[in-house]
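Let's take a friendly walk through a protein model together. Have a look at the chain and its ligands, and then read on.

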Amino acid sequence: MRKPIKVEEAIERVMKWSYEGEKEYVSIEESFGRALAEDIKATTDVPWFDRSPYDGYAICAAATENASASTPVLLEVVGTVGAETVWEGPIEPHQAVKIMTGAAIPDGANAVIMVELTQEVIKDGKTFVQIKRRVAEGENISRIGEDMQEGCLLVEKGTVINPGVVAVLATFGYYRVPVMKRPKVAIIATGSELLEVYEPLEKGKIRNSNAYMLKAQVRRAGGEPIVYGKVKDTFEATFEAVTKAMQEADIVVTTGGVSVGDFDYIPNVYEKLGAQLLFNKVGMRPGSVTSAAVADKKVLFGLSGNPSACYVGFELFVRPFLKAMLGQKNCYLKKVQAILKEDFLKTNPFTRFVRAKLSYNDGMLHVEPAGKDKSNIVSSLVQANSLLVLPGGSRGFKAGTKVDVLLLEDEEGAPKWS
Ligand SMILES: Nc1nc2c(c(=O)[nH]1)N[C@H]1C(S)=C(S)[C@@H](COP(=O)(O)OP(=O)(O)OC[C@H]3O[C@@H](n4cnc5c(N)ncnc54)[C@H](O)[C@@H]3O)O[C@H]1N2
Ligand code: MOO
């Protein structure tokens with residue numbers, strides 16, 4: 001008899017074998033969605049010169065000290081600076097330089113007045129700017145380091161590169177970006193009943209949906225899936241596929257063949273490999289048959305063949321392992337609390353992870369099952385944006401109960417939820 005262990009314990013046993021993967025460089029164009037392999041610190045102040053945040057006139061503030069609507073001051077406009085030009089040489093207090101947004105503040109100027117607040121006046125063939133209010137020293141100047149100061153930590157290693165991180169990388173000239181290599185995840189679907197997706201249905205056979213689902217889950221988690229196709233339910237075929245995958249991939253994931261049926265060969269494969277079994281039964285639904293073992297320091301995940309159990313097994317066990325390889329400190333699905341929208345009255349001997357829909361309404365998070373709950377169900381995965389966690393040892397839960405929910409679509413990861 002297999003002895004179930006707690007989900008938290010199972011995760012811990014797997015994560016003991018987790019390690020950080022390797023680094024590689026990609027161009028900044030390819031970096032979006034990858035995990036950073038190094039902390040990114042500001043290599044200069046930003047901005048690195050004082051800039052104007054507006055189109056206007058760069059002036060010496062003191063020259064406007066007595067300016068008012070009835071006593072405007074006129075400053076001579078001695079030039080114009082745009083995005084590409086820099087005003088060489090200082091300006092005098094009675095002078096102004098017309099300046100465009102983003103341009104460098106000329107030496108001698110210490111404030112900018114917006115163009116809308118001024119008027120240009122031509123007198124004796126010279127251009128002047130008329131100012132009718134006092135301008136304070138430092139007004140409208142984006143100071144050196146206002147945005148980021150040299151040496152400050154901006155993005156932590158392991159962060160998944162989002163458009164904002166791309167902007168920071170570009171700001172500091174990272175045309176080649178250090179990222180974590182995508183862990184290679186082998187996907188082996190076992191089962192003689194499996195058809196290729198393009199094959200017509202035959203009695204007793206079903207299409208291999210798990211391999212494609214897992215491939216997408218691996219991608220979503222930041223890994224590189226390698227699909228080894230489907231493997232017939234024989235010991236030899238299963239053993240051969242697993243040993244080949246162990247040579248080529250960092251993580252080996254199988255689906256199916258892990259239970260106690262006559263054609264479930266994964267336990268025998270682990271045995272023949274001399275693998276150290278981490279667990280072969282977990283106190284959870286779906287996915288109680290989920291197994292994990294270590295052979296040649298490689299972790300082998302034996303996920304259930306039932307689609308929903310396979311899906312949940314990946315998210316709870318494979319995903320954090322993969323995230324740790326990507327250098328992420330927070331590897332686990334992010335947890336929030338929400339109000340259960342409807343009764344869920346099944347008894348729960350084991351902790352149940354219900355594929356669920358989380359929504360926001362009236363200032364609160366609400367959660368409901370995304371569809372049918374059995375582990376052979378595929379359809380409820382479509383709408384599932386979360387897993388509703390119902391602790392074991394209960395007789396079901398009433399609508400209105402506050403429950404824990406794990407978010408499936410959060411790419412950043414989170415501190416451990418359990
Ligand atoms: N006597 C017992 N029978 C079963 C037990 C048990 O404890 N005692 N556990 C049940 C539970 S719980 C589950 S879950 C399943 C798990 O079985 P396996 O992980 O060994 O998976 P298979 O038997 O190979 O397949 C189960 C089910 O899933 C379908 N399947 C398999 N692979 C795929 C795929 N790639 N794509 C889509 N669907 C797939 C397969 O056809 C089966 O219908 O065992 C229970 N039995
Ligand atoms: O592993 Mo099974 O999914 O508990 O139904």
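## Around ligand 1

Helix 3 gives the most residues to the shell around ligand 1, with 3. Helices (H or I, at least four residues) and strands (E, at least two) are DSSP runs, numbered from the N terminus.

How many residues surround ligand 1? There are 26, and the closest are Ala189, Asn210, Gly256, Ser259 and Gly305. A residue is near a molecule if its C-beta atom, placed from the backbone, lies within 6 Å of it. By class, the shell around ligand 1 has 15 polar, 9 nonpolar and 2 charged residues. Here Ala, Val, Leu, Ile, Met, Phe, Trp, Tyr, Cys and Pro count as nonpolar, Asp, Glu, Lys and Arg as charged, and the others, Gly among them, as polar.

## How to read the model

This is a predicted model: local features need pLDDT of at least 70, side-chain atom pairs count only at pLDDT 80 or more, and totals for chains, interfaces and linings use all residues. Residues are numbered from 1 along each chain as its sequence is written, while chains are lettered from A and ligands numbered from 1 in the order in which they are written.

## Around ligand 2

Ligand 2 has Arg285, Pro286, Gly287, Ser288, Val289, Ser304, Asn306, Ala309 and Ser375 around it. This shell divides into 5 polar, 3 nonpolar and 1 charged.

Two of these residues, Arg285 and Pro286, are joined by a cis peptide bond with omega near -10°. Pro286 sits in the loop between strand 17 (284–285) and strand 18 (291–295).

## Another cis bond

Val46 and Pro47 are also joined by a cis peptide bond, with omega about -5°. Pro47 belongs to the loop between strand 2 (40–41) and strand 3 (56–59).

## Helix 1 meets helix 6

The axes of helix 1 (residues 7–15) and helix 6 (residues 307–325) come within 10 Å and cross at roughly 35°. Axes are lines fitted to C-alpha atoms, for helices over the stretch in contact, and angles run from 0 to 180 degrees between N-to-C directions.

Which residues make the contact? Helix 1 brings Val7, Ala10, Ile11, Val14 and Met15, and helix 6 brings Leu316, Phe317, Pro320, Phe321 and Ala324. Two residues are in contact if their C-beta atoms, placed from the backbone, lie within 7 Å. The contact residues divide into 10 nonpolar, no polar and no charged.
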